[in-house]
Amino acid sequence: MGQLKLVVRVFINFLKNVYKLLRFKKMYMPSFGSMTVDYDDVKIANSELKNKESWYDNEIIAEYESEFAKWNGSENAFSFMGGREALSACIFALGLKKGDKVIIPGYTCVVVPNAFWFEGIEVIFCDIELETYGIDYEDLKKKFSSDVKAILIQHLYGLVSKNYELVIDFAKEHNVFTIEDCAHSTGATLNGIKVGNKGDVSFYSSENSKIINTCMGGIAITNNDLFAEKIKEYQSKLVYPSNERIESVLKAFKINYYLQKNKYNWLIADLIKLYHKNQFFQSTTFEELHFKKPLYYGQKMPACIAKLGLNQLKKVDSYNGIRRESALYWDIWCDKNDFKKPVVINNSIPVYLRYPVLVTEKMKENHSWAIDLNVPIGMWFNGNLHPVSFPIKDCPNADLAVIRCINFPTIGLMNKLNN
Ligand SMILES: *Cc1c(COP(=O)(O)O)cnc(C)c1O
């Protein structure tokens, strides 16, 4: 962004804040990032920045993996620098290779098909249903053929995918693998079992906007010994990020906290933006947006990032509790305003990373209707392969969700709840 444009924007925001202050309005605005990060997490990042000797301590990494596995009810867990790399490890573990076909939902992040495309695997896009935004079972049956090797089940917004068990059974019946994308729904359960434990292999993300936050990071799990060996083999061949890269991740973790979570963010975020000239750490690179493998792809998680993860794991359940409380507020909002609530399938407990609502196309484009809500309006997903508007054939519900699904934050609704 041009320097002048930034200054003008900050100045306008300053005037808006003065106006709000004069009218005794709530100043704090929640965010979609960093909401589970507190000052104790920032202190860890600070101490790691000063103490580089222990950055690659294998014991800490093993501890994070075993704590995550324990919390998740899984046999094992393997850490990476991103959920996308964890997915690449899953693909390796299943032995998927060039020319194989997989089915994935046509409503996802670009990094998901990328992980397959980087290996020359053919991706078939399946439509979604509009209750939990998961794979549509009827469309899956239509698009399935005998040369499909794997199906990717995605649990979105913290919900448990409506056809979870149907798809698992279908895959077993047809002898194909299942991969679960639990990036949004880390900790959500069905019949008391956390999502990710039914598929052959599964992955989770601890990127800045997810349930557990290490700025960047991902985990792959499996309850199959053979696949576990394979994931381990894949992980062992990866390198750690360079010191410079790690330093920039730790710094971004801190900066994001002040921009997004700190209760004075309305005052300091603008100053931080000016200071950094609005240039911040991006988890998805220009190459990835163009379906190309970036330089940093495929690295494993160093101990200093795992330390952040260990601290996040201590509070994940309490934050997920807050998310569920906030969802009750949005449930009432939906009822009052005549919007359809997301569906919670029987015997499931969601974690509501975000609260999704289908609104009109106009409401997604222009948010003036939401000013008094005093929350940001989330746009996941803004394209079939978010954030890329990649046209996909025969996925009408996915197309509709792209145009009409907005989402609300579920932590930091201080003016509405007591969290
Ligand atoms: C964030 C996300 C990923 C990838 O996770 P990273 O840690 O960012 O690589 C995959 N799938 C979905 C649905 C996501 O939201």
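User: Is L15 buried, exposed or partly exposed, and why?
Analyst: L15 counts as partly exposed because its relative accessibility is 45%. Buried means under 20% relative accessible area, exposed over 50%, and partly exposed lies in between (1.4 Å probe, protein chains only). This is a predicted model: local features need pLDDT of at least 70, side-chain atom pairs count only at pLDDT 80 or more, and totals for chains, interfaces and linings use all residues. Residues are numbered from 1 along each chain as its sequence is written, and side-chain values use heavy atoms, with hydrogens and water left out.

User: Which helix is L15 in?
Analyst: Helix α1, residues 3–22. Helices (H or I, at least four residues) and strands (E, at least two) are DSSP runs, numbered from the N terminus.

User: New topic. What is the strand order in the open sheet?
Analyst: β1-β10-β9-β6-β5-β2-β4, 7 strands with mixed pairing. Two strands pair if DSSP finds at least two bridges between them.

User: Which are the edge strands?
Analyst: β1 (77–80) and β4 (122–126). Each pairs on one side only.

User: How do β5 and β6 pair, parallel or antiparallel?
Analyst: Parallel, over 5 bridges. β5 covers residues 148–154 and β6 covers 177–181. Q154 stands opposite D181 in β6.

User: Which strands does helix α7 touch?
Analyst: β5 and β6 (contact means heavy atoms within 4.5 Å). Helix α7 spans residues 164–173 and packs on the sheet. Its direction makes about 170 degrees with that of β5. Axes are lines fitted to C-alpha atoms, for helices over the stretch in contact, and angles run from 0 to 180 degrees between N-to-C directions.
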